[in-house]
Amino acid sequence: MRFQFLSVSRYLAFLALLLSSCAILGVPRRVAFNEAEFAPYRGAGSGSVAGQLVTSSGGEVHIGSGVHVTLLPVTAYTKEMVDRIIGNGEILAPSDARLHPYVRIAKTDDGGRFVFDHVPPGEYFVTGLNEWYVGDDSQYQWACERITVGKGQKVNIQVSKNLQRPGRPTYVVWALQ
């Protein structure tokens, strides 16, 4: 058995596995999925979220080029995910499959910019896992912001807050190979 770092391109596949209902070892969730909490986020809305993913470590700024950014409605279920996965570095049991229609993913351009259109009003987490290199070594850092989108509102955001270890690279996500 060999351990390997996940590249940002593999992050999306890793996230999909975490969100899927296939069997992955992880610590049990404490919060049950409540469909009623997600009801306001069903369907298309008239808002938009645009921004840039930028992280910093050791005084250096790292633009999130080619990074997958996720837009998640704020509910008790997703708050637990953000607190425990991004904040504490835990690997949780798989997500409930009913979450999938509410997860939006965009890929950043070379300048770290992203856009989500047709966003329903409500509160959201905007998250991304940035990767950069120091020599041949990969460094990773989560960035997460909590925003509110009003009906027809255009929200501009810089996603840069590291909940786990502010100002330093985050713990690396490991995969068995």
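Hi everyone, let's start with the rings: a search of the whole structure finds five aromatic pairs. By pair I mean rings of Phe, Tyr or Trp (for Trp, its six-membered ring) with centres within 6.5 Å; planes under 30 degrees apart are stacked, over 60 edge-to-face, and the rest tilted.

Before I go on, a word on what you are looking at. This is a predicted model, in which local features need pLDDT of at least 70 and side-chain atom pairs count only at pLDDT 80 or more, while totals for chains, interfaces and linings use all residues. Residues are numbered from 1 along each chain as its sequence is written, and side-chain values use heavy atoms, with hydrogens and water left out.

Back to our pair: are Phe38 and Tyr102 buried or exposed? Phe38 counts as buried because its relative accessibility is 0%, and Tyr102 is also buried, at 7%. The cut-offs here are under 20% relative accessible area for buried, over 50% for exposed, and partly exposed in between, with a 1.4 Å probe and protein chains only.

Next, Tyr41 and Tyr124. Their ring centres are 5.2 Å apart and the planes stand at 80°, so this pair is edge-to-face. Tyr41 lies in the loop between α2 and β2 (47-57), Tyr124 in strand β7 (residues 122-134), so the pair ties together parts 83 residues apart in sequence. Tyr41 is buried at a relative accessible area of 12%, and Tyr124 is buried at 2%. Which residues do ring pairs link into a cluster? They are Phe33, Phe38, Tyr77 and Tyr102.

Now let's zoom out to the fold. The protein chain has three helices and ten strands; these are DSSP runs, H or I of at least four residues for helices and E of at least two for strands, numbered from the N terminus. From that end, the order is β-α-α-β-β-β-α-β-β-β-β-β-β. The chain has 177 residues, and 47% of them count as buried. If we take contacts (heavy atoms within 4.5 Å) between residues at least 6 apart in sequence, 75% join residues at least 24 apart. The accessible surface, from the Shrake-Rupley method with a 1.4 Å probe, comes to about 9,100 Å², and 55% of that belongs to carbon and sulfur atoms.

On to charges. How many salt bridges are there? The count is eight, where a salt bridge needs a side-chain nitrogen of Lys or Arg within 4 Å of a carboxyl oxygen of Asp or Glu. Among them is Arg84 with Glu80, at 2.7 Å from N to O. These two are four residues apart in helix α3, which means that about one helical turn separates them. Both Arg84 and Glu80 are buried, and together with Glu90 they are linked in a network of salt bridges.

Arg98 meets Asp96 at 2.8 Å, N to O, with Arg98 at 39% relative accessibility and Asp96 at 23%. Arg113 pairs with Asp109, the closest N and O atoms being 3.3 Å apart; the relative accessible area is 47% for Arg113 and 32% for Asp109.
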